[in-house]
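Dear colleague,

I am passing on the structure we spoke about, together with some notes on what came out of going through it. Please have it open beside you as you read.

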Amino acid sequence: MLLNSMWAGLFAAALAIVLTAPSQAIVPSLLCGFAARLIRNVLIGWGLSSSAAVVVAAAACTLLAIALANRRRNFSLIALVTGVLPLGAAVALFNSIKGILIISSLKEQALMTASAQLSSNLSAVFTTTLAMVLGIGVGFLIARVFNLDRALQDAPEVTPLAPRVDRALRR
Amino acid sequence: MENGGSTVRAERAFNGILQGLSVEGVITLWRYDFVVVTRVTDSEPETFIRPIRPPGANLSRVAEASMLAERIARGDVDQAAIASELHRIRDIPSPYNTWLVILAAACVAGFFTRFIGGNWGGFEIAFVAGAVGQTVRVALQARKLGTAATTMVCALLSALVAAFGLRTGISQVAPATLIGSVGYMIPGLPLVNGFIDVASHRNISVGAMRILNATFLFLILAIGIAVGDTVVAMKAG
């Protein structure tokens, strides 16, 4: 579990370099990738569903990215991007697309089996992606409640449609 | 936005600059490939449209632009120096040399393979596939080839390198190795920026375009993987 998380952290740090992030962003990326994957793995190990584990891990990753963001240079976005990517359902995503590409050429039992696999993969991709978005949103919301989002240039401002909610949260 | 920043950040930086210059009565409309700015002075609206080039990635420029906007908002930058500062930021090169980026891309591919279930053999194959793909990617980007075409060529190349590596028997974990081999091109930046834009409720159309763009790039990567998978399956056939 720790080793798997370490690979995720190293993946995130290397991806930060590929994305030309400033050198100060590499360590936050490594920590976010490691922490997000570790939290997800631990929660799944405790019996939590994969989607719920991704929500918690993405929220934790967002908060960690904000906490590690340098106030002057604001590296939170890159730490967030590289940190949450290891939570994605990459294998299911590529299997889905592969399934869509080959399913029309299948017949009878093979078609039924492939259809079931495709549905399962698409469901995994949808729920995992939704869980990531929800987790990021929850992270931003917690940051806003605790007034941490001053350090985060990418935190969405509260829409004018909900000023009362914003005032209530700030109170 | 051209360098990988979110629309929320671009808007915040722009508003900071307006605040620092004490400019009021400005309405801004952000879209994926252009921005419209209207200023009303003496009841006369004046509108500017600025095209936004296809997004790339230089997060150092994004960080510098945010810092400049903060300094302007605080009044720390002389108005006459703003244009030269903007030119300086536009010319900031990647902080890493090409070989380091190629090494990083190879590591991304290798580590991706490892954490989605690949073994050390898969790591080695994906590492080489990632290095070869990124080398070609850098060359194609220098020739100003479009993102989709570059991604397609590099995905096919990396997946084929991985497929031939798998055929030699270095690793038996084909899915993780093939997926990992193109992992350095995963469009994470447009995807997460898209999520942030959609979540902001103010830039839903920009966010939707970014997510659509990322989905299209995922599709290209998957086609490359499917081709690689076919080459691997030919062994069994």
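Chain B has nine helices and three strands, and, read from the N terminus, its elements follow the order α-β-β-β-α-α-α-α-α-α-α-α. Please keep in mind throughout that this is a predicted model. The C-alpha trace of chain B spans about 75 × 30 × 30 Å along its principal axes, and buried residues make up 49% of its 237 residues. Among the contacts in chain B between residues at least 6 apart in sequence, 66% join residues that are at least 24 apart.

The domain assignment divides chain B into domain 1 (7-90) and domain 2 (98-236), and the C-alpha centres of these two domains of chain B lie 33 Å apart. Eight residues of domain 1 of chain B are in contact with 11 residues of domain 2 of chain B; on the domain 1 side, the residues that touch domain 2 divide into six nonpolar, one polar and one charged.

Turning to the strands, β2 (residues 34-41) of chain B runs antiparallel to β3(B), and eight bridges join the two. Within this pairing, Val35(B) has Arg50(B) of β3(B) as its bridge partner. The hairpin of β2(B) and β3(B) has two residues between the strands, and Asp42(B) takes a positive phi near 50° there. Strand β3 (residues 44-51) of chain B is hardly covered, since the count of buried residues among its eight residues is zero.

Just after α5(B), Lys144(B) takes a positive phi of about 60°.

Ile170(B) sits in the loop between α6 (147-167) and α7 (174-181) of chain B, and Ile170(B) counts as partly exposed because 16 other C-beta atoms lie within 10 Å. Leaving aside neighbours within four places in sequence, Ile170(B) is in contact with Gly121(B), Glu124(B), Ile125(B) and Gly165(B). By contrast, Ile170(B) and Thr41(B), which are 129 residues apart in sequence, are 70 Å apart in space, C-alpha to C-alpha.

How many residues does each chain give to the contact? Chain A gives 42 residues and chain B gives 45 residues. On the side of chain A that touches chain B, the elements that give two or more residues are α1 (2-18), α4 (76-84), α5 (90-102) and α6 (108-145) of chain A, and α1(A) gives the most, with nine residues. The residues on that side of chain A divide into 28 nonpolar, eight polar and six charged.

The largest nonpolar core has 125 residues, and those with the most contacts inside it are Phe11(A), Ala14(A), Ala58(A), Cys61(A), Val84(A) and Val108(B). Helix α3 (residues 50-68) of chain A supplies the largest share of this core, 12 residues. Domain 1 (7-90) and domain 2 (98-236) of chain B both give residues to this core, so the core lies between them. Not counting residues up to four places away in sequence, Ala14(A) touches Ala104(B), Cys107(B), Val108(B) and Phe111(B).

With best wishes

How values were computed
Residues numbered from 1 in each chain as written. Chains lettered and ligands numbered in written order. Predicted model: local features only at pLDDT ≥ 70, side-chain atom pairs only at ≥ 80, totals over all residues. Contact = placed C-beta atoms within 7 Å. Helix = DSSP H or I, 4+ residues; strand = E, 2+ residues; numbered from the N terminus. Nonpolar A, V, L, I, M, F, W, Y, C, P; charged D, E, K, R; others polar. Buried ≥ 20, exposed ≤ 12 C-beta atoms within 10 Å, placed from the backbone. Domains from an automatic or database assignment. Core = buried A, V, L, I, M, F, W, Y, C linked by C-beta atoms within 7 Å. Pairing = 2+ DSSP bridges.
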